[in-house]
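Please consult the sequence and the structure shown below while reading.

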Amino acid sequence: MKRKLTPDDVRAAIWGGAILGGGGGGLIAAGERAATLALQVGTPQLWSVDEFEPSALTATMALVGAPAAPDPHVQPAHLLRTLELLRRELPPGRKLVGLHANENGAETTVNGWFHAAMSGLPVIDLACNGRAHPSSVMGALGLHTEPDYLSVQAYAGGEPQRYVEGVVSGRLERTSAVVRRASVEAGGLVAVARNPVEVGYAQRHGAPGAISHAIALGQAWLDGGVDAVARSLEGRIVAEGTVRGYRCEQQEGLDVGVVELDDASRTVLRFINEYMLLEQQGRRVARFPDLVMTFSDEGRPVVSAHVREGARLRVLVAPRARLLLSRTMFMPELYRPLEQSLGEAFAPAEDAIA
């Protein structure tokens with residue numbers, strides 16, 4: 001299937017992406033600006049994976065950093081610069097036939113839309129993961145397990161006085177660490193074009209249909225609010241209350257913190273960009289990659305970076321079985337740095353792959 005992306009798609013993708021961001025996945029206003037600009041400068045198209053030869057080459061368009069950082073700055077020119085830098089590194093005779101997002105989130109669902117509008121390449125209806133996640137390796141299709149794969153990552157971002165750009169190649173874990181550090185130097189955020197792979201590989205190990213899923217979920221929210229989202233994802237509202245405590249600090253280019261509500265269940269949410277753990281009365285109720293998302297009293301999604309003390313929140317939990325998840329969500333080794341940051345063990349069992 002091939003179709004042009006429309007203003008209605010922008011609206012639905014931003015809100016559906018925000019919900020699937022699970023507290024992370026970028027900021028709502030920034031995602032709306034980026035997607036709207038894409039439609040103003042061109043006509044981006046969304047193509048399903050079956051429109052491509054499995055051996056054709058695609059690459060991931062991403063943002064890396066901490067949404068709550070004090071000085072994040074990524075401009076449209078930075079997006080195009082990463083694609084330009086990555087194309088220079090492609091093997092002789094190979095070219096990209098499409099672009100795909102790293103994850104679903106308010107900003108990240110529309111990753112690649114502006115690139116597509118300016119380059120003429122289509123957006124592939126696929127993400128490396130159908131929900132947002134905190135580490136770049138989680139959004140890399142399991143390429144860290146491929147012994148011969150050489151990761152290539154191009155990055156750019158920052159205000160003029162903090163601007164950084166570059167290309168790094170090597171083992172996936174090492175290149176991801178370099179880009180994460182670059183996001184800190186840039187003020188909190190960089191645009192990234194990374195990891196060229198064949199479409200067939202991305203289809204097998206990623207989340208095909210993820211962009212359409214975000215658009216459909218966003219439309220459900222626009223039509224019926226939080227209750228419609230809960231029905232769509234077979235989720236439930238598990239808490240409502242006022243934020244009595246909120247802490248957030250940047251650690252190695254990530255937002256790490258906790259939200260505490262004043263409800264009778266003593267709800268606590270721990271996040272690393274995305275909500276990782278939800279506890280009530282000292283008991284764990286949900287853990288990543290289950291979807292935990294906060295909404296305002298009026299029912300608007302609220303990302304973790306925008307939670308504030310005194311705000312009224314509703315908390316939605318949806319089971320991981322209702323999400324489009326990459327295999328990386330079930331790799332315990334990728335959870336170790338996150339567990340160290342929170343001081344909690346929560347990785348899925350190795351036999352839990354869906």
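Asn195 is buried, with a relative accessible area of 2%. The model is a predicted one, and in it Asn195 belongs to strand β8. The phi angle of Asn195 is near 55°, a positive value in a residue other than glycine.

Glu234 sits in the loop between α7 and β10 (236-251). With a relative accessible area of 55%, Glu234 is exposed, because the cut-off for that class is over 50%. A cis peptide bond joins Phe288 to Pro289, with omega near 15°. Pro289 is located in the loop between β14 (283-287) and β15.

Strand β5 covers residues 123-127 and is mostly covered, with five of its five residues buried. The burial applies to both faces: Val123, Asp125 and Ala127 lie on one side, and Ile124 and Leu126 on the other.

Strand β2 (residues 45-47) pairs with β5 in the parallel sense over two bridges, and Leu46 has Val123 of β5 as its bridge partner. Strand β4 (residues 96-101) is likewise paired with β5 in the parallel sense, over two bridges; here Leu99 stands opposite Val123. Between β4 and β5 the chain passes through helix α4 (residues 113-119), and this β-α-β crossover is right-handed. A further partner of β5 is strand β9 (residues 207-208), which pairs with β5 in the antiparallel sense over two bridges. In that pairing, Leu126 stands opposite Pro208 of β9.

## Helix α1

Helix α1 (residues 7-20) contains 14 residues and extends 20 Å from its first C-alpha to its last, close to the 20 Å expected at 1.5 Å a residue. Of these 14 residues, 11 are buried, so α1 is largely enclosed by the rest of the structure. Among the buried residues of α1 are Asp9, Val10, Trp15, Ile19 and Leu20; the buried set also includes Gly16 and Gly17.

The buried residues of α1 pack against β1 (2-4), α2, α4, α7 (210-233), β15 (291-296) and β16 (301-302). Helix α1 is followed by Gly22, which has a positive phi near 60°.

## Helix α3

Helix α3 (residues 76-88) has 13 residues, which at 1.5 Å a residue should span 18 Å. The C-alpha atoms at its ends are 19 Å apart, in agreement with that expectation.

The buried residues of α3 are His78, Leu79, Arg81, Thr82, Leu83, Leu85 and Leu86. These buried residues pack against the strands β3 (57-65), β4, β6 (151-157), β7 (164-170) and β8 (189-198), and against helix α4. Helix α4 is also among the elements against which the buried residues of α1 pack.

## The largest pocket

What is the volume of the largest pocket, and how many residues line the pocket? The volume is about 720 Å³, and the lining consists of 41 residues. Of these lining residues, Ala30, Leu63, Val74, Glu107 and Leu189 lie nearest the centre of the pocket.

The elements that contribute two or more residues to this lining are α2 (28-41), β3, α3, α4 and β8. Helix α2 provides the largest share, seven residues.

## An exposed loop residue

Is Ala321 buried or exposed? Ala321 is exposed, with a relative accessible area of 72%. Ala321 is placed in the loop between β17 (312-318) and α8 (336-342). Along the chain, Ala321 and Trp47 are 274 residues apart, and their C-alpha atoms are separated by 25 Å.

Conventions:
Residues numbered from 1 in each chain as written. Predicted model: local features only at pLDDT ≥ 70, side-chain atom pairs only at ≥ 80, totals over all residues. Heavy atoms only, no water. Buried < 20%, exposed > 50% of the residue type's maximum accessible area, 1.4 Å probe, protein only. Helix = DSSP H or I, 4+ residues; strand = E, 2+ residues; numbered from the N terminus. Pairing = 2+ DSSP bridges. Right-handed = clockwise from strand over helix to strand, strands pointing away. Expected span 1.5 Å × (residues − 1). Contact = heavy atoms within 4.5 Å. 1 Å grid on protein atoms, 1.4 Å probe; cavity = no way out; pocket = protein on both sides within 12 Å on 5 of 7 lines; lining within 4 Å. Points joined across faces, edges and corners; volume = space filled by probe spheres on them.
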